[in-house]
Amino acid sequence: MVGYEVRADDRAAARAAGRAGDRRGGGVPGALWVPAVIAIAFLVLPLVALLAKAPWGSIPEQLFTPEVGDALRLSLLSALAATALCVLFGVPLAWVLVRSSDWASPIFRRVLRALVLVPLVLPPVVGGVALLLLLGRRGLAGQYLYDWFGVSIPFTTTAVVLAQTFVAMPFLVLAVEGALRGADRRYEDAAATLGASRWLIFRRVTLPLVAPGVSAGAVLCFARALGEFGATITFAGSFPGVTQTMPISAYLALQSNPDGAIVLSLLLLAVSLVVLVSLRDRWIGVGT
């Protein structure tokens, strides 16, 4: 925690220096205000429209419909399960990416990091297709699961969790990777000189140092998993109570129940705002 407190002090000092620079005339040039205001309007006005068109009087009624309740329950449970998988596998992966510099070539590390972060820029539908080709009944691995064990993953709740994990894990990896790069390795070196094993150092020294990064990444993972749509509908489909999450339910409700779609959108917006406000500035600079 010491390393994190030092970084927090550094950020506070930088903000203070920035405010001092603003007072000395080093603020925003006037020519930048017009495009900045246009950008703000472009990003904020759609949310204002969502709030303006919300059926506030019927929100309780919409929230307690069976369809919304099932979608909400499934989304929360699957997002929590996906976040747990991201933490379980993403933290070791981030460790490998950062500490592989001791034995791996720079080219290998760049390629590996690019492959790990591909889901960040890959269209979610493509991710769903890729999962289907891997784990479908005729997929590279799914055919053996089905032929040998009778296990079929697509279009199940498990498929929802896997799709959410696929798109959300890079957020956890980036957050933990940034925390690991900023951690003071002298504490690990001191523990090693005292005879601690690598596993003990990881559990008792490194993890406490990067705990803020892990928690920030986990929250981002949860929010991303909760809002996942493309990979989920491609790989898991849309079966009420089984694979129909809140984003899918909101999309389908636009055709028959626009008010329900707005209510579900408001729920997702509220979760996103709570996540970003709770993280404050800890998510800024992730992966740097």
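The largest cavity is lined by Pro119, Leu122, Pro123, Pro124, Gly127, Phe166, Val167 and Arg224. Here a cavity is a set of points on a 1 Å grid over the protein atoms alone where a 1.4 Å probe fits but cannot get out, and lining residues have an atom within 4 Å of a point. The model is predicted, so local features need pLDDT of at least 70 and side-chain atom pairs count only at pLDDT 80 or more, while totals for chains, interfaces and linings use all residues. Residues are numbered from 1 along each chain as its sequence is written, and side-chain values use heavy atoms, with hydrogens and water left out.

The volume of the largest cavity is about 30 Å³, where a volume is the space filled by probe spheres set on grid points that are joined across faces, edges and corners. The structure holds one cavity of 30 Å³ or more. Helices α6 (124-135) and α8 are the elements that give two or more residues to the lining of the largest cavity; helices are DSSP runs of H or I with at least four residues, numbered from the N terminus.

Val121 belongs to helix α5 (residues 106-121). Is Val121 buried or exposed? Its relative accessible area is 71%, so Val121 is exposed; the limits are under 20% for buried, over 50% for exposed and in between for partly exposed, with a 1.4 Å probe and protein chains only.

Leu85 and Ala168 are 83 residues apart in sequence, and their C-alpha atoms are 9.9 Å apart in space. Leu85 counts as partly exposed because its relative accessibility is 26%. With neighbours within four places in sequence left aside, Leu85 is in contact (heavy atoms within 4.5 Å) with Gly90, Val161, Thr165 and Met169.

The next site is Thr234, in helix α11 (residues 230-235). Thr234 has 19% relative accessibility and therefore counts as buried. A polar atom of the Thr234 side chain lies 2.8 Å from the backbone oxygen of Gly230. Beyond its neighbours within four places in sequence, Thr234 is in contact with Val125, Gly128, Val129, Leu132 and Phe155.

The rings come next. Rings of Phe, Tyr and Trp (its six-membered ring) pair if their centres lie within 6.5 Å; planes under 30 degrees apart count as stacked, over 60 as edge-to-face and the rest as tilted. The count by this rule is six aromatic pairs. Among them, Trp148 and Phe149 are edge-to-face, at 6.5 Å centre to centre and 80° between the planes. Both Trp148 and Phe149 are exposed. Phe155 and Phe239 have ring centres 6.4 Å apart and planes at 85°, so this pair is edge-to-face. It links distant parts of the chain, 84 residues apart: Phe155 is in the loop between α7 (142-149) and α8 (157-182), and Phe239 is in the loop between α11 and α12 (246-256). Phe155 counts as partly exposed because its relative accessibility is 40%, and Phe239 counts as partly exposed because its relative accessibility is 42%.

Ring pairs also link Trp95, Trp199 and Phe202 into a cluster. The charged end of Arg99 sits over the ring of Trp95, 4.7 Å from the ring centre; the rule asks for NZ of Lys or CZ of Arg within 6 Å of the ring centre and within 35 degrees of the ring normal.

Definitions and conventions:
A polar contact is a pair of N or O atoms within 3.5 Å; within protein, one must be able to donate a hydrogen and the other to accept it, and residues adjacent in sequence count only if both atoms are side-chain atoms. On a 1 Å grid over the protein atoms alone, a cavity is a set of points where a 1.4 Å probe fits but cannot get out, and a pocket is an open set with protein on both sides within 12 Å along at least five of seven lines; lining residues have an atom within 4 Å of a point.
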